[in-house]
Amino acid sequence: MDDRKHIVRSYDRELDLLKARLEEMGQAAEEQLASAIEALVTRDNRLARDVINRDPRINAFQNEIDGLAVEILALRQPMAHDLRHVISGLKIAAELERIADYAANVARHVMDLDHVCLEKPLDLIIRMAKIARGMLSAVLDAYQALNVYRAIDVWKQDKEIDRIYEDLLSRLRLYMSVDSQNVQTYTNLIFVARCCERIGDHIKNIAESVYYIEYGDTDSGLDLPDGVKKENA
Amino acid sequence: MAEMKSQESARSKKDGRTLVDRENRQTVGDITVEDPRMTCRDVNVYYGEKHAIKNVSLDIGRNEVVAMIGPSGCGKSTFIRCLNRMNDTIESCRVSGEITLDGKDIYGKDIDVVPLRAQVGMVFQKPNPFPKSIYDNIAYGPRIHGLAQNKAELDEIVETSLIKAGLWEEVKDIMDHPGTGLSGGQQQRLCIARTIAVSPEVILMDEPCSALDPIATAVIEDLIDELRKQYTIAIVTHSMQQASRVSQRTAYFHLGDLIEVGPTTKIFTRPNHQLTEDYITGRFG
């Protein structure tokens, strides 16, 4: 986690293990999201069911990471960068668990949408989901490299998801008013879109955690023009 | 295009936060406080040829606990020993710079170190009660400094000091017993009471808990927090957890340099100097 090794080598191993587990969890969450999107695009109910069945694995990751973090806090009393990394580890694991939950929710709705032919709104949802997937992949890279610039880029992309979501909601409201027979379908689409929008928010929270690990706060740096705090201000 | 390229290369160099470089020995952080009780400016200490403290400047604020941390030999004990001229007793020791207490230079020609050491008291690593009764341990200072007019006044000073040191309830019925017969933690609180008895303004503590068990340590730490309301305290400690628990400001020393000083919460969660970060995360050396 730092360019210098800790004097107590077992402490370094525990910190490395926490980071490795988080990266594994991130990869698993990313796979869940990718599969959910694939199921949505191809209307593949079997793949959707696989996503739902794999969700407990993500929850197990979170439990393991929580346990590791609590152990480090109790036994090592981490300070400074180490402390921020452990605290952020707990938060990132919780965000990834929620992201995977939403991916499973998207998969649940795939089965409800299998007869729907509403290309325009579905296209928009798929676009949101693909942006979210790209953001998740980028934020996990940012976490691995502790690269705040990449994290800030991800943080900014969430606005695009929000914009598409607003656009989609307006369209669906209009469709519902003129095509009341398909209200159930439109409602399902809103649920799926909502899942994608929330996934974007949770990814943004991970980006903030990456920033926090490096700077020790989240409230003052992200709004600066270049997105990075003045050094040692 | 050229501009874009230079931005890209700047990015790749600065993926995250940059700490002040290990080679840079300028003090990071604000050395001043709004209401200083003691001010130290450009303090240098030499033991013969050895330069033990290098240009250290630091304020010690009224009613604050400031913790000095750093590896062995970093100069933290040497520094606080300058604050009541304890280094005067070491023949080879030479101190330069300016140290004031309430604006007055404590190294001035007209300063008598005996009352100075009452004003700036000291508690040591190992409890060192006098081989006298509990009562006389406390009464000794007020007697030699003439702080009590009669026995009743002296009794009151002894009782008040023991109450403030959180020891009264445990010893009030055994005041004639020897101080050396108390437990380690009690002896240390007796020494704190002895320091308090001569009405100090500043209390210096040089690893006051390193010889104590965790419970006795917790009692002393609770006492330090209580004493802060009335006194200014500078504590040297090897325990970073103790520094984080008891102090409001922390100063990190390294090889005689004051590397970083700042609010304790900031020092332990996001220090600005790489050497501080190395030390508090255990990556030192």
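Q: Left-handed or right-handed: what is the crossing of α4(B) and α7(B) called in this predicted model, and what makes it so?
A: The crossing of α4(B) and α7(B) is right-handed. That label applies because the near helix is turned clockwise from the far one by less than a right angle.

Q: What makes α4(B) and α7(B) roughly parallel?
A: Helix α4 (residues 134-144) of chain B packs against helix α7 (residues 184-196) of chain B at an angle of about 30°, and their axes are 7 Å apart. Angles under 35 degrees count as roughly parallel, so α4(B) is roughly parallel to α7(B).

Q: Which residues make the contact of α4(B) with α7(B)?
A: From α4(B) come I134(B), N137(B), I138(B) and G141(B), while α7(B) brings L190(B), A193(B) and R194(B). By class, that gives four nonpolar, two polar and one charged.

Q: What makes β4(B) and β5(B) a pair?
A: Strand β4 (residues 93-101) of chain B is joined to β5(B) by two bridges, and the strands run antiparallel. Pairing takes at least two bridges, so β4(B) and β5(B) count as a pair. T100(B) has D105(B) in β5(B) as its bridge partner.

Q: How do you know that β1(B) pairs with β2(B), and in which sense?
A: There are eight bridges between strand β1 (residues 36-47) of chain B and β2(B), in the antiparallel sense. V45(B), for one, stands opposite I53(B) in β2(B). The two strands form a hairpin with two residues between them, and G48(B) in the turn has a positive phi of about 60°.

Q: How many bridges link β1(B) and β4(B)?
A: Eight bridges, again in the antiparallel sense.

Q: Which residues of chain B count as touching chain A, and what makes them count?
A: 21 residues of chain B are in contact with 24 residues of chain A. They count because their C-beta atoms, placed from the backbone, lie within 7 Å of a partner's. On the chain B side, α9 (240-246), α10 (264-269) and α11 (274-280) each give two or more residues. The largest share, three residues, comes from α11(B). This side of chain B divides into six nonpolar, eight polar and seven charged residues.

Terms used. Residues numbered from 1 in each chain as written. Chains lettered and ligands numbered in written order. Predicted model: local features only at pLDDT ≥ 70, side-chain atom pairs only at ≥ 80, totals over all residues. Contact = placed C-beta atoms within 7 Å. Helix = DSSP H or I, 4+ residues; strand = E, 2+ residues; numbered from the N terminus. Nonpolar A, V, L, I, M, F, W, Y, C, P; charged D, E, K, R; others polar. Axes fitted to C-alpha atoms, helices over the stretch in contact; angles between N-to-C directions. Parallel < 35°, antiparallel > 145°, perpendicular 65-115°, else oblique.
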